[in-house]
Amino acid sequence: MRIHDAANVQYLLKKTGRIVVMLYASSEQRPDGTVMIKASTLAATAGMTPPVLSRTRKELLKAGWLEVTGSVGSVKHYRLAPALFEDRGQAGRHLRAVGG
C-alpha cells in the first residue's frame with residue numbers, strides 16, 4: 001500500500017499513530033509491497049535511532065501491522081500487512097492493487 005492522498009495519511013495516523021507505519025507506506029516498494037530500504041535509512045528519516053526503529057517494528061509485527069516477506073542472510077524484509085485496509089472495502093482493495 002502506498003500513500004496517494006491526504007485521506008490515506010489521515011487514515012493511517014488515526015488508525016495507528018505510528019510513524020514507522022507511515023515510513024513503510026510511503027517508501028518505494030516492490031510489487032508485493034516489500035520495502036527494501038535499510039532500517040538505518042528509515043530510522044534517520046524518522047529522526048530515531050535504528051534500535052528504536054527495530055523495537056517499534058517488533059511491536060508492529062506483534063500487532064499485525066507489518067509482516068516479514070523474506071530475508072537475505074540475517075536481514076529481514078518487511079511490508080505492511082495486506083489485511084491492513086480490509087475495513088476500507090473497495091478503496092482498500094484499490095490501495096493494495098496500486099501498492100503491489
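These legends describe close-up views of a predicted model.

**Figure 1. The fold along the sequence.**
The protein contains five helices and two strands. Their order along the sequence is α-α-α-α-β-β-α. Of the 100 residues in the protein, 35% are buried. Among contacts with a separation of 6 or more, 47% are between residues 24 or more positions apart.

**Figure 2. Helix α4 and its two sides.**
Helix α4 covers residues 50–63. It has 14 residues and reaches 20 Å from its first C-alpha to its last, close to the 20 Å expected at 1.5 Å a residue. Which residues of α4 are buried? They are L53, T56, R57 and L60. These residues cover an arc of only 105° around the axis, so they sit on the same side of α4. An α-helix has 3.6 residues a turn, so residues three or four places apart point the same way. On the other side of α4, K58 and K62 are exposed. The buried residues of α4 pack against two helices, α2 and α3 (39–46), and against the strands β1 (66–72) and β2 (75–80). Just after the helix, G64 takes a positive phi of about 90°.

**Figure 3. The contact of α2 with α4.**
Helix α2 (residues 19–26) packs on helix α4 at an angle of about 85°, and the two axes are 9 Å apart. Angles of 65 to 115 degrees count as roughly perpendicular, so α2 and α4 are roughly perpendicular to each other. From α2, the contact uses V20, V21 and Y24. From α4, the residues are L53, T56, R57 and L60, which are also the buried residues of that helix. By class, the contact of α2 with α4 holds five nonpolar residues, one polar and one charged.

**Figure 4. The contact of α3 with α4.**
How are α3 and α4 placed relative to each other? Their axes come within 8 Å and cross at roughly 100°. The two helices are therefore roughly perpendicular to each other. On the α3 side, the residues that take part are A39, S40, L42 and A43. They meet P50, L53 and R57 in α4. The contact of α3 with α4 divides into five nonpolar, one polar and one charged residues. L53 and R57 of α4 also take part in the contact with α2.

**Figure 5. H77 in strand β2.**
H77 is found in strand β2. Is H77 buried or exposed? Residues under 20% relative accessible area count as buried, and H77, at 12% relative accessibility, is therefore buried. Leaving aside its neighbours within four places in sequence, H77 is in contact with T34, M36, E67, V68, T69, G70, S71 and V72. Strand β1 covers residues 66–72, and the contacts of H77 include E67, V68 and T69.

Where does L84 lie? L84 is in the loop between β2 and α5 (90–99). Its relative accessibility is 8%, so L84 counts as buried. L84 and G64 are 20 residues apart along the chain, and their C-alpha atoms are separated by 8.2 Å.

Note on methods. Residues numbered from 1 in each chain as written. Predicted model: local features only at pLDDT ≥ 70, side-chain atom pairs only at ≥ 80, totals over all residues. Heavy atoms only, no water. Axes fitted to C-alpha atoms, helices over the stretch in contact; angles between N-to-C directions. Helix = DSSP H or I, 4+ residues; strand = E, 2+ residues; numbered from the N terminus. Parallel < 35°, antiparallel > 145°, perpendicular 65-115°, else oblique. Contact = heavy atoms within 4.5 Å. Nonpolar A, V, L, I, M, F, W, Y, C, P; charged D, E, K, R; others polar. Expected span 1.5 Å × (residues − 1). Buried < 20%, exposed > 50% of the residue type's maximum accessible area, 1.4 Å probe, protein only. Arc of directions from axis to C-beta.
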